[in-house]
Amino acid sequence: MKNTVILGALTIAGLSAGAAAAGTLDDVKARGKLNCGVTTGLVGFAAPNASGEWEGFDVAVCRAVAAAVLGDATAVEFVPTTGKTRFTALASGEIDMLARNTTWTFSRDVDLKFEFTGVNYYDGQGFMVPKELGVSSAKELDGATVCIQTGTTTELNLADFFRSNNISYEPVPIETNAEAQQQYLAGACDVYTTDASGLAATRATFEAPDAHTLLPEIISKEPLGPLVRHGDHEWGDVVRWTLNALIAAEELGVTSANINEMAAGTNNPEINRLLGTEGTLGEMLGLSADWGKNAIAAGGNYGEVFADNIGEATPIGLARGLNAQWTKGGLLYAPPFR
């Protein structure tokens with residue numbers, strides 16, 4: 001078993017090194033399109049709408065990168081991936097980046113040879129149960145059947161939680177959120193566990209959301225963010241600083257409504273550098289001077305993207321919490337644009 005794991009890691013690492021050597025930024029420019037890996041469907045984060053167009057919080061990151069690189073937020077091919085297929089798709093070069101509610105961990109960074117370019121959502125693993133089960137705490141789930149996505153961090157977190165609390169469970173393995181939802185509503189499992197944001201997004205699609213409870217326990221740290229292959233630092237910088245541009249724009253008061261006015265020049269040098277009216281940040285990235293403006297204009301700043309897709313006014317109903325700006329008690333903090 002150990003040899004299989006090592007060989008699997010080496011295979012992914014070898015694919016990653018070969019794909020990265022080609023120069024992803026040049027490939028995307030030549031292709032005229034960004035290939036972005038997303039989930040198979042999680043409302044609020046990444047899912048096709050009634051017109052078949054992908055939308056959501058993670059989708060917005062893909063569109064911002066496409067806008068920064070190509071000047072066109074629609075120049076994206078969305079590639080659905082599961083917990084099992086996402087890393088192979090990235091390592092092989094099938095996709096240029098992955099924006100799929102994926103947790104930044106040591107082994108994924110170091111052993112699988114991927115580079116996380118930041119955190120776009122600070123999350124933690126939770127539990128959802130039917131209200132009729134009469135459970136108010138995850139510690140009351142002894143003997144429960146639990147739907148859990150394979151190939152995710154949630155598997156080990158779940159085992160650790162039940163072991164540390166000296167209770168048992170029966171896993172019901174599933175591969176996609178859609179399958180988990182189907183199995184859970186059909187009664188094939190008592191509990192569904194995944195990132196708390198994913199549970200909120202899933203519950204929002206139910207016919208009777210109020211008949212299901214999110215238990216209070218958050219049993220892990222799940223910093224979710226976009227990732228690229230190791231070894232292609234130029235491309236990693238593009239994705240990293242595009243995400244930082246969205247975060248910094250909110251802090252600096254740059255919005256989709258005022259961006260054209262601010263792009264004409266302001267008294268704030270950092271805003272000017274961000275929007276390309278001063279300095280040579282775009283040139284340093286191998287992009288146009290207005291790359292930051294294009295990225296922000298694609299869907300708004302971080303706060304707008306959050307509010308429009310998963311915020312309290314949406315069916316998902318998530319509060320900013322840890323995902324508020326550092327100036328408002330959260331963890332969002334973009335390095336300086338200088």
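The model shown throughout is predicted.

**View 1. Helices H3 and H13 pack against each other.**
The axes of H3 and H13 lie 7 Å apart. The angle between the two helices is about 150°. H3 and H13 are therefore roughly antiparallel, since angles over 145 degrees fall in that class. Their crossing is right-handed. H13 covers residues 291–299, and H3 covers residues 57–70. Val69 is one of the residues in H3. With a relative accessible area of 12%, Val69 is buried.

**View 2. Phe57 and Phe306 meet as an aromatic pair.**
The model has 17 aromatic pairs. In this one, the ring centres of Phe57 and Phe306 are 5.9 Å apart. The ring planes stand at 85°, so the pair is edge-to-face. Phe57 belongs to helix H3, and Phe306 to helix H14 (residues 302–309). The pair links distant parts of the chain, 249 residues apart. Both Phe57 and Phe306 are buried.

**View 3. Phe161 and Phe162 form an edge-to-face pair.**
The ring centres of Phe161 and Phe162 are 5.8 Å apart. Their planes are at 80°, so this pair is edge-to-face. Phe161 has a relative accessibility of 10% and counts as buried. Phe162 is buried as well, with a relative accessible area of 1%.

**View 4. Arg240 and Glu115 are joined by a salt bridge.**
The count of salt bridges in the model comes to 6. Here the closest N and O atoms of Arg240 and Glu115 are 2.4 Å apart. Arg240 sits in helix H9 (residues 233–252). Glu115 sits in strand S6 (residues 114–116). Arg240 and Glu115 are both buried. Asp237 also takes part: Glu115, Asp237 and Arg240 are linked in a network of salt bridges.

**View 5. Glu77 and Lys33 form a salt bridge.**
The closest N and O atoms of Glu77 and Lys33 are 3.7 Å apart. Glu77 is in strand S4 (residues 76–81). Lys33 is in the loop between helix H2 (24–31) and strand S1 (34–39). The pair links distant parts of the chain, 44 residues apart. Glu77 counts as partly exposed, at 38% relative accessibility. Lys33 also counts as partly exposed, at 31%.

**View 6. Glu175 and Lys84 form a salt bridge between two loops.**
The closest N and O atoms of Glu175 and Lys84 are 3.9 Å apart. Glu175 lies in the loop between strand S10 (169–174) and helix H7 (177–185). Lys84 lies in the loop between S4 and helix H4 (86–92). The two residues are 91 residues apart, and their pair links distant parts of the chain. Glu175 is partly exposed, with a relative accessible area of 36%.

**View 7. Asn101 and Lys113 have positive phi values.**
Neither residue is a glycine. Phi of Asn101 is near 25°. Asn101 is placed in the loop between strand S5 (97–98) and helix H5 (106–110). Its relative accessible area is 19%, and Asn101 is buried. That value falls under the 20% cut-off for buried residues. Phi of Lys113 is near 65°. Lys113 is found in the loop between H5 and S6. At 34% relative accessibility, Lys113 counts as partly exposed.

Definitions and conventions
Residues are numbered from 1 along each chain as its sequence is written. This is a predicted model: local features need pLDDT of at least 70, side-chain atom pairs count only at pLDDT 80 or more; totals for chains, interfaces and linings use all residues. Side-chain values use heavy atoms; hydrogens and water are left out. A salt bridge is a side-chain nitrogen of Lys or Arg within 4 Å of a carboxyl oxygen of Asp or Glu. Helices (H or I, at least four residues) and strands (E, at least two) are DSSP runs, numbered from the N terminus. Buried means under 20% relative accessible area, exposed over 50%, partly exposed in between (1.4 Å probe, protein chains only). Rings of Phe, Tyr and Trp (its six-membered ring) pair if their centres lie within 6.5 Å; planes under 30 degrees apart count as stacked, over 60 as edge-to-face and the rest as tilted. Axes are lines fitted to C-alpha atoms, for helices over the stretch in contact, and angles run from 0 to 180 degrees between N-to-C directions. Angles under 35 degrees count as roughly parallel, over 145 as roughly antiparallel, 65 to 115 as roughly perpendicular and the rest as oblique. A crossing is left-handed if the near helix is turned anticlockwise from the far one by less than a right angle, and right-handed if clockwise.
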